[in-house]
Amino acid sequence: MVTRGFTGRQSGSELSDRIPPGQHLVDNFPVLTAGPTPQIDPADWTFTLKIGPRPVKAWSWSEFNALPRTRMTRDIHCVTSWSKLNTAWEGVAIDDILAEAGLTAPTPFVLAHCYDGYSTNVPLADLATGKAMVALKYEGQPLPRDHGGPARLLVPHLYFWKSAKWVNGLQFTERDEAGFWELRGYHMYGDPWNEQRYTND
Amino acid sequence: MTEAIAATTRWQSCAIVEIATRTPAIKSFFLSLSETFDHTAGQHVDVRLTAPNGYTAMRSYSIASAPSDSKVIELAIERLPDGEVSPFFHDVAQVGDTIELRGPLGGHFLWPGPTEKSVLLIGAGSGVVPLMAMIRYRKASAERVPVALLLSSRTWDDVLFRDELLELESSLPDFALALALTREPAMRSSDFSRRIDAPMVADVAARLRVAPGCVFVCGSNAFVDIAADAALALRPDAGAIKTERYGT
């Protein structure tokens, strides 16, 4: 349905193929969270890998920082409709975390857990093979608290609520278990190119 | 999933039936739903505008009206000078136009229901919109949970829903109102002439007969961080503090 009198701010064609439907470009980096911003001292920080309820490996901040580093520059897309191009991240690839724990694919589903009680589900296929990392730096600087510091999940090809801030572990699950927003009406997978914003999209 | 959730995700056409200027920068748009829905105070809708060549722009707006049987919902939209959608609403949209929306959406920033001891609402500027839906719901329902609102605005004339809030302050039992004006002196002794800080949040929380069991904060990221940290100091349970931050 055409909206009378609306033309919008349409991007040039060279960028439009990088902007999923219903999204608009921003230059700033908006912050959206469901609660207070946690304060996490790296001395208290741990990252735990679990299979079901069973912890299989845990890292301290210094141990985690000693893992191989990966950099990626990606476009990111928030379900609230902003997209930001060319964001530069550095962290530890999920592949390297799994390799360090001697795991390949215990189950096909993963639930990411966070310090603020947040969680989100991502299939292993969307975390492995270089697709995702636990990010420790943004634009060359330690990750700011507001953006999930000291560490956040980065799954840039899915809506950004999947890139959980203040992440403290990954849990392999037998089924695709809904996380925080997925239990509250958001899509289980969240592909921006198919506009999978809400449960039945 | 359930039928109810399926219904919420369908786009529907709505007619603009009234436009009301609320403050120099904020207008309310009253939209007549073609499919009525039953929302919970605090929820939002997604609005979609479509250009003749098929380009679409989508934004989320909180619902200002209380849940009711009415087909009409109110959205209060601030005109962002460099915005894409809000200038369309302020400068182009007229009564009789139709726009597309879907909702109600959001399953977290929700009025908690009658079990809570009291509710502290903290908003800045147009961040009062979902909080206003809660206050209006509290008035329309039989609920008696004490509510306090701390609302930060630049000036007296920028206070969204000012006259209605002042009226509710005197007529609604167990409702406390505190305004924080950041660019001019407050005119009432119960208000503040400064930006939000932790002592201000503690002062307003103390106006509730019982300590807040639930806190809702809506505004810019910097504002929300200050308010949420101050609320944490009152009641160290992060899960009871729900925040919504402007995404722009």
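1. In chain B, strand β7 (residues 119–124) runs parallel to strand β8 (residues 147–153), and the two are joined by 6 bridges; helices (H or I, at least four residues) and strands (E, at least two) are DSSP runs, numbered from the N terminus, and two strands pair if DSSP finds at least two bridges between them. Within this pair, I122(B) stands opposite L150(B) of β8(B).

2. A word on the basis of this note: the model is predicted, so that local features need a pLDDT of at least 70 and side-chain atom pairs count only at pLDDT 80 or more, while totals for chains, interfaces and linings use all residues. Residues are numbered from 1 along each chain as its sequence is written, and chains are lettered from A, and ligands numbered from 1, in the order in which they are written.

3. The β7–β8 pair belongs to an open sheet of 5 strands in chain B, with the order β9-β8-β7-β10-β11 and parallel pairing. Its edge strands are β9 (175–181) and β11 (241–245) of chain B, each of which pairs on one side only. Direction ignored, neighbouring strands of this sheet are turned by 10° against each other on average, where axes are lines fitted to C-alpha atoms (for helices over the stretch in contact) and angles run from 0 to 180 degrees between N-to-C directions.

4. Helix α3 (residues 129–140) of chain B lies across β7, β8, β9, β10 (214–219) and β11 of chain B, and runs at about 150° to β8(B). Contact here and below means that the C-beta atoms of two residues, placed from the backbone, lie within 7 Å.

5. F161(B), in the loop between β8 and α4 (162–171) of chain B, has a positive phi of about 65° although it is not a glycine; F161(B) counts as buried because it has 23 C-beta neighbours inside 10 Å. D174(B), in the loop between α4 and β9 of chain B, has a positive phi near 60° and is partly exposed, with 15 other C-beta atoms within 10 Å. The cut-offs are 20 or more other C-beta atoms within 10 Å for buried, 12 or fewer for exposed, and partly exposed in between, with C-beta atoms placed from the backbone.

6. Cis peptide bonds occur in both chains: one joins G103(B) and P104(B), with omega about 0°, and another runs from G149(A) to P150(A), with omega near 10°. P104(B) lies in strand β6 (residues 98–105) of chain B, whereas P150(A) is found in the loop between β9 (141–142) and β10 (152–154) of chain A.

7. Chain A has 3 helices and 11 strands. Its radius of gyration, taken over C-alpha atoms, is 17 Å, close to the 17 Å that the globule rule gives for 201 residues, so chain A is as compact as a globular protein of that length; the rule is 2.2 Å times the number of residues to the power 0.38. Of the 201 residues of chain A, 41% count as buried.

8. The contact between the chains takes 34 residues from chain A and 37 residues from chain B. As for confidence, the model scores ipTM 0.88 and pTM 0.92, and chain B averages a pLDDT of 93, with 94% of the residues scoring at least 70; pLDDT is the predictor's confidence in each residue, from 0 to 100. Over residues 1–7 of chain B, however, the pLDDT is below 50, and this stretch has 7 contacts in the model beyond near neighbours in sequence.
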